[in-house]
Each structure stands twice: as C-alpha cells, then as structure tokens.
Amino acid sequence: MIYRVYWSIITLLYSPFFGKIKFPSYIGKPLLLRGINKIFLGKNVRIFPQVRMEVHGENSRIQIEDDVAIAQNVHITSASNLIIGRATTILANVFITNIDHDYQEIGKHILKQKYLIKETSIGENCYIGAGACIQAGTILGKQCIVGANAVVRGRFPDYCVIVGIPAKIIKRYNPITQVWEKTTPDGAFKN
C-alpha cells in the first residue's frame with residue numbers, strides 16, 4: 001500500500017507535464033517519458049515502474065483509457081494516435097507500437113530511415129500476456145486475449161484468443177452457444 005502513496009506523489013509531480021491525467025491514476029517511477037505532453041491517461045489507470053512511453057511527431061499521441069493496468073517494463077511508442085481501450089490489462093515486458101522503420105536505403109543506418117506508420121489500437125477489456133509484441137498495424141477488438149510472447153500484427157475481431165509467432169486466432173467466443181470455441185487460424189469456428 002505504501003508504494004501506491006509513493007507512486008501517487010510521483011504522478012502528482014508529473015501531472016502538469018502530461019497531456020492529461022485523470023485521478024485517481026498513478027504511475028510508478030518511469031524509465032523514459034518522451035513527448036509527455038502528448039500522453040493522456042484516463043481515470044484509475046495504474047502503471048507500474050520502468051514504463052517507457054515515447055511519442056514522436058507533432059500530431060501524435062498515446063491515449064490510455066479508464067481502468068487500464070500496465071505492469072513493469074512495458075514499452076509503448078507512437079508516431080500517430082495509439083489508443084489502449086478501457087479496462088485493458090497489459091502484463092510485464094510488453095512492446096506496443098504503431099511505428100516500423102524503413103530499411104530500403106542500403107548502407108544507411110535503419111534508425112535514420114523514415115518511419116512507416118500504421119494504425120494500431122487495442123480494444124476495451126483486452127488482456128495482453130507477458131512479453132507480447134503488438135506490432136504496427138495491429139487492431140485488436142474488444143476482450144481479446146493475447147498469449148505470452150506472442151508477436152501480433154493484423155486485424156483481430158472481438159472476443160478472440162491470439163497466440164504464437166506470428167500470432168493466430170485459436171479460440172473465439174461464440175455468441176450463439178455462449179462458449180469459447182476453438183477456431184481455424186483465420187478465426188472460423190471448427191465444426
């Protein structure tokens with residue numbers, strides 16, 4: 001409990017620099033905050049220590065909606081508008097981005113090449129397992145479950161379980177039977 005008091009004090013000290021923080025939210029001691037004035041936290045957001053959030057570019061932002069929990073050592077980067085939906089849980093050592101680096105110019109350092117920006121968003125009430133990588137161009141629907149260490153890119157519908165490298169759908173919630181059912185990798189229910 002004492003750590004929450006300490007983190008609340010840190011949050012109060014950082015709050016004038018953020019785009020917006022709605023209380024009661026708290027952030028543990030961050031590793032790095034870049035473009036902090038373009039980071040927006042909803043109510044009851046809980047961020048554990050060693051988070052790294054970076055916003056690159058004038059019209060870019062990171063928006064974390066209400067009741068999101070983010071574990072330690074999470075890295076989030078954005079060069080457009082990256083949204084993490086309400087009531088989402090993100091476990092430790094996760095990477096989330098909407099940025100790829102171009103690599104077409106041979107002999108030029110990859111970090112000096114242009115950004116390739118692709119829409120990335122996480123729907124509400126998602127669960128992102130430890131060590132997962134949410135790559136640029138990923139759209140997760142509502143209540144998706146991403147397995148530990150999954151490498152995710154693409155569009156995924158509401159209520160699905162996604163695992164593997166590259167990540168594939170293995171289960172979806174069937175509203176007719178009201179049961180989580182196994183699927184083919186494209187998300188079709190198995191008969």
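Which backbone oxygen lies 2.8 Å from a polar atom of the side chain of Thr138? The backbone oxygen of Gln135 does; a polar contact is here a pair of N or O atoms within 3.5 Å, where within protein one must be able to donate a hydrogen and the other to accept it, and residues adjacent in sequence count only if both atoms are side-chain atoms.

1. Basis of the note. This is a predicted model, in which local features need pLDDT of at least 70 and side-chain atom pairs count only at pLDDT 80 or more, while totals for chains, interfaces and linings use all residues. Residues are numbered from 1 along each chain as its sequence is written, and side-chain values use heavy atoms, with hydrogens and water left out.

2. Thr138 counts as buried because its relative accessibility is 0%; buried means under 20% relative accessible area, exposed over 50%, and partly exposed in between (1.4 Å probe, protein chains only). Leaving aside neighbours within four places in sequence, Thr138 is in contact (heavy atoms within 4.5 Å) with Glu119, Thr120, Ser121, Val152, Arg153 and Gly154.

3. The nine-stranded sheet. Nine strands form an open sheet with mixed pairing, in the order β2-β5-β8-β11-β16-β18-β20-β21-β22. Its edge strands, β2 (26–27) and β22 (179–182), each pair on one side only; two strands pair if DSSP finds at least two bridges between them.

4. The end of that order at β22. Strands β20 (residues 160–163) and β21 (residues 168–174) are antiparallel, with four bridges, and Val163 has Lys168 of β21 as its bridge partner. β21 and β22 also run antiparallel and are joined by four bridges; here Arg172 is partnered by Glu181 in β22. These two strands form a hairpin with four residues between them, and Gln178 in the turn has a positive phi of about 55 degrees.

5. Parallel pairing. Three bridges connect β3 (residues 32–34) with β6 (residues 52–55) in the parallel sense, and Arg52 in β6 is the bridge partner of Leu32. β6 pairs in the parallel sense with β9 (residues 75–78) over four bridges, where Glu54 stands opposite Thr77.

6. Salt bridges. There are six salt bridges, each being a side-chain nitrogen of Lys or Arg within 4 Å of a carboxyl oxygen of Asp or Glu. One of them joins Arg46 and Asp67 at 3.0 Å, N to O. Arg46 lies in β5 (residues 46–47) and Asp67 in the loop between β7 (61–64) and β8 (69–70), so this pair ties together parts that are 21 residues apart in sequence.

7. The side chains of Lys118 and Asp100 meet in a salt bridge of 3.1 Å, N to O. Lys118 is partly exposed, with a relative accessible area of 35%, whereas Asp100 is buried at 18%. Salt bridges that share partners join Asp100, Lys118 and Arg153 into one network.

8. Nonpolar surface. Ile2, Tyr3, Val5, Ile9 and Leu13 make a nonpolar surface patch of about 520 Å². Patches are made of residues with over 30% relative accessible area and no salt bridge; like charges are joined within 9 Å, and nonpolar side chains (Val, Leu, Ile, Met, Phe, Trp, Tyr) within 5 Å. Ile9 is found in helix α1 (residues 2–14) and counts as partly exposed because its relative accessibility is 47%.

Notes: Areas by Shrake-Rupley, 256 points an atom, 1.4 Å probe, with all protein chains shown as cover.
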